Each structure stands twice: as C-alpha cells, then as structure tokens.
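Hi,

Here is the structure I said I'd send over. Have a look at it first, then read on for my notes.

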Amino acid sequence: MPRRIAFPLSLLPRAVASSVTEVRLRLNAPLSLSVNGRNLFVNEHGKVCRIESALHADEDDLRATLAELTAYSMYAYDDTVRNGFIPIEGGARAGVCGEAVRADGHVTGFRRIYSINIRIPRFLPDFAANLAEHYKTHGLCSTLVLSPPAAGKTTFLRSIAYLLASGNYPHPRRVGIVDERCELFLPDKMCSLIDCVRDMPKAAGIELLTRSMSPEVIVCDELSEAEAAAVAETQNSGVYLIASAHAPDYAGAMRRPFLKRLCDNGIFALFVLLTSEGGYRYDLYTP
C-alpha cells in the first residue's frame, strides 16, 4: 500500500495488528480493518478511531495498491481479476470490486476499482484439534464447515488438513487440497502428507486428486452448485471430503438446495459450526 496508508497501519498497537484478518480500502471512503468479527477504523496517526475520523483512500491509493499487488503486470492477473481477486504469495488474497467491463455477457475486467480487500492468512495449527480428536475417537467422516463470510473457515480448513497429514489421529493421513483461489495451502508451513492443486476449479481439482493421487481425505473451501456432482462422485469412491460453505448455521445450510440435496444423500455426516463473535470458536453438530 502507499506510504500514506501503510505508515499509520504500521503504528497500530500489537494487540490489534496481530488480530487483523482483513484490510479494506474503499474509494473516497473510510479504510476499515476486520478484527475478531468487528469493523475497526484507523486515523492518520495509527490510532483506532471513530468512523468520521478514519483514513480515506483516494483513486491514486487504489491504483498504486493494485499495481503493487500485481507486481506492475496487471495483464498477468487478468484471469483472476475478472473473478474478483488477486492471489498474493504466502496464501494471502486481495478481493477487488468496481465498475465491471463485459463482453459477450462475461466480465472481462474492471474499468474502475472501487474497493480492495486484502485478506491476511492465519496459520493456527491446533485450531481444529477438537475435530481431529473426534475423528480419532469416532473415525473419519466427510464433514462440512459452516459459517458466514470471514468467520475463519479457511483458517479452520488449514488446521484440519495439517493435523490429519502430520498428526496421530490415529496416524498421518494422505490429504489432498484443492486450492482454487490460491489461499488455502501454505507450502512453507503445511508440510507432511499433503498434495495440493492450485488455481484450478474445485470440481476439476477434486476429480484430479481422486484419480491421480489416491488421497484418503480431500479438503476444499466454499462449495457451490458447480461442485455437487464431483463431491458425490468422490464420496462414492471412498475418499472423505472436508469442505466449507457459507451458511449461518445448519438450518441455513439446508435452505440452500444443493447443500440439502448433498446432505439428504448422506454425503456429510458431521458439521462444524463456526462463529467469530467474541473470538473464533466452533461447535461440532451431528443431525
């Protein structure tokens, strides 16, 4: 980010800075931080403040940030930008939105950027320890992690992938990760028995891992209708799937037709209900 924005952020108290999961720059609007489910604002002196005193990003700030995020080679990121994100080395990701450019009914890019959301990855190895212990006691099963956006789904999936691949639950497992948006797998931290395909649609990645890498478990983020058939086929092949989906709770998930169809067909036996209110925590739920 430009120094005008970056320097005040560098002055944040450690307790705040260490908990930030997102930094959002908006055109001529308050810059905000996502911290433990709350939206915080920062002034030009690096102090947490009220919204009316917050730093604002202008068009030059957004343009300079976008240039840095793409290493001054915007064309190299055309495929991801048109889908609203830019992958960043180390598992981070920047979401972008603005005035879209369309051709033949498809978005080809953005004419003007209105917002950039830099998501900061967290690696908390023991975050999913209770789930791993559940598997150790009751055996592996396909599991769906549910929460609203920004409640820790990706961090939780990193943890369970790492624990299963390197732990004693009851022994290390072969884990395949489908990392469509290049933010789930952290190669410098998540070693052990993990095989990962990145920047590939989830349905294709699930099929590739199942056919080529003989995983015991496949982990992927944010299921949608497009992956329903691949999920069912994987389950029928004997590979366990740990995935996430956007839903406030189990009842909310069942209001999404494709999720209800998968669950009615017995694909998922266990559910993880995540919340970020008052700090990240979760409960295990069996219908």
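This is a predicted model: local features need pLDDT of at least 70, side-chain atom pairs count only at pLDDT 80 or more; totals for chains, interfaces and linings use all residues.

The largest nonpolar core is made of 31 residues. Tyr135, Phe156, Leu164, Val175, Ile177 and Val219 have the most contacts inside it. Two or more residues each come from α5 (129–138), α6 (153–166), β9 (175–179), β11 (217–220) and β13 (270–275). The top contributor is α6, which supplies seven residues. There's another core lying apart from this one, with 27 residues, including Cys220, Val239, Ala245 and Cys263.

Now for α5, which is worth a look on your screen. Its buried residues are Leu131, Ala132 and Tyr135. Looking down the axis of α5, you'll see these buried residues fall within an arc of 100 degrees, so they line one face of the helix. The face turned away from that buried side carries Asn130, Thr137 and His138, which are exposed.

What sits over the buried residues of α5? The cover includes α6 as well as the strands β8 (143–147), β12 (240–246), β13 and β14 (281–285). Tyr135 itself, leaving aside neighbours within four places in sequence, is in contact with Leu140, Cys141, Thr143, Ile160, Leu164, Ile242 and Leu270.

Cheers

Conventions:
Residues are numbered from 1 along each chain as its sequence is written. Side-chain values use heavy atoms; hydrogens and water are left out. A nonpolar core is a set of buried Ala, Val, Leu, Ile, Met, Phe, Trp, Tyr and Cys residues joined through side-chain atoms within 4.5 Å. Buried means under 20% relative accessible area, exposed over 50%, partly exposed in between (1.4 Å probe, protein chains only). Helices (H or I, at least four residues) and strands (E, at least two) are DSSP runs, numbered from the N terminus. Contact means heavy atoms within 4.5 Å. The arc is that of the directions from the helix axis to the C-beta atoms.
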